[in-house]
Amino acid sequence: MWPPTAELAPVAAAEAPVLTLTDRLRKFFWLSSGLFSAAAFAVPAIGALVYGTFEGGGTSFLAAVLSACLFGVTTLLHFGPDEA
C-alpha cells in the first residue's frame with residue numbers, strides 16, 4: 001500500500017485548469033445553490049432538535065426546495081465540475 005509503487009508526477013507538472021469568468025460564475029451558481037439548499041434544510045432541523053419547535057420552518061423549507069430545484073437545474077446544465 002505505502003509507499004506507492006507508481007511514480008508520482010511532480011507538483012510543478014500538474015496543470016491547473018484555466019477558468020474564464022463565465023466558467024467561474026457557472027461553478028459559483030452550482031456550488032452556492034447546493035450549499036444554500038443544504039443549509040436551508042439543516043438550520044430548521046437543528047432548531048427543532050435544540051429548541052423543540054419548528055417555528056418559521058415553513059419559509060426555510062420553501063427556500064430549501066426552491067434552491068434544491070435550482071441546484072438540480074444547474075447540475076443538469078453541467079454547471080458543476082466535469083469530474084468528481
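Two residues are in contact when heavy atoms lie within 4.5 Å. This is a predicted model, where local features need pLDDT of at least 70, side-chain atom pairs count only at pLDDT 80 or more, and totals for chains, interfaces and linings use all residues. Residues are numbered from 1 along each chain as its sequence is written, and side-chain values use heavy atoms, leaving out hydrogens and water.

View 1. Helices (H or I, at least four residues) and strands (E, at least two) are DSSP runs, numbered from the N terminus. Take the contacts between residues at least 6 apart in sequence: 71% of them join residues at least 24 apart. Of the 84 residues, 17% count as buried, meaning under 20% relative accessible area, with exposed being over 50% and partly exposed in between (1.4 Å probe, protein chains only). The chain exposes about 7,100 Å², and carbon and sulfur atoms supply 73% of that; areas come from the Shrake-Rupley method with a 1.4 Å probe, and for residues only the protein chains shown count as cover.

**View 2. Helix H1 runs over residues 21–51.** Its 31 residues should span 45 Å at 1.5 Å a residue, and the end C-alpha atoms are 43 Å apart, which agrees. That expected span is 1.5 Å times one less than the number of residues. Just after H1, Gly-52 takes a positive phi of about 75°.

**View 3. H1 has buried residues, with H2 as part of their cover.** Buried here are Trp-30, Ser-33, Gly-34, Ser-37, Ala-40, Pro-44 and Gly-47. Helix H2 (57–76) is included in what covers the buried residues of H1.

**View 4. Ser-60 of helix H2 meets Ala-40 and Pro-44.** Those contacts leave aside neighbours within four places in sequence. A polar atom of the Ser-60 side chain lies 2.9 Å from the backbone oxygen of Ala-40.

**View 5. Thr-74 sits in helix H2 and is buried.** Its relative accessible area is 4%. Not counting residues up to four places away in sequence, Thr-74 touches Trp-30, Ser-33, Phe-79 and Gly-80. The Thr-74 side chain also reaches the backbone oxygen of Phe-71, at 2.9 Å.

**View 6. Leu-21, Leu-25, Phe-28 and Phe-29 make a nonpolar surface patch of about 430 Å².** Leu-21 belongs to helix H1 and is exposed, at 64% relative accessible area.

Technical notes: Polar contact = N/O pair within 3.5 Å; in protein donor to acceptor, adjacent residues only side chain to side chain. Patch = residues over 30% accessible without salt bridge, like charges linked within 9 Å, V, L, I, M, F, W, Y side chains within 5 Å. Salt bridge = Lys/Arg side-chain N within 4 Å of Asp/Glu carboxyl O.
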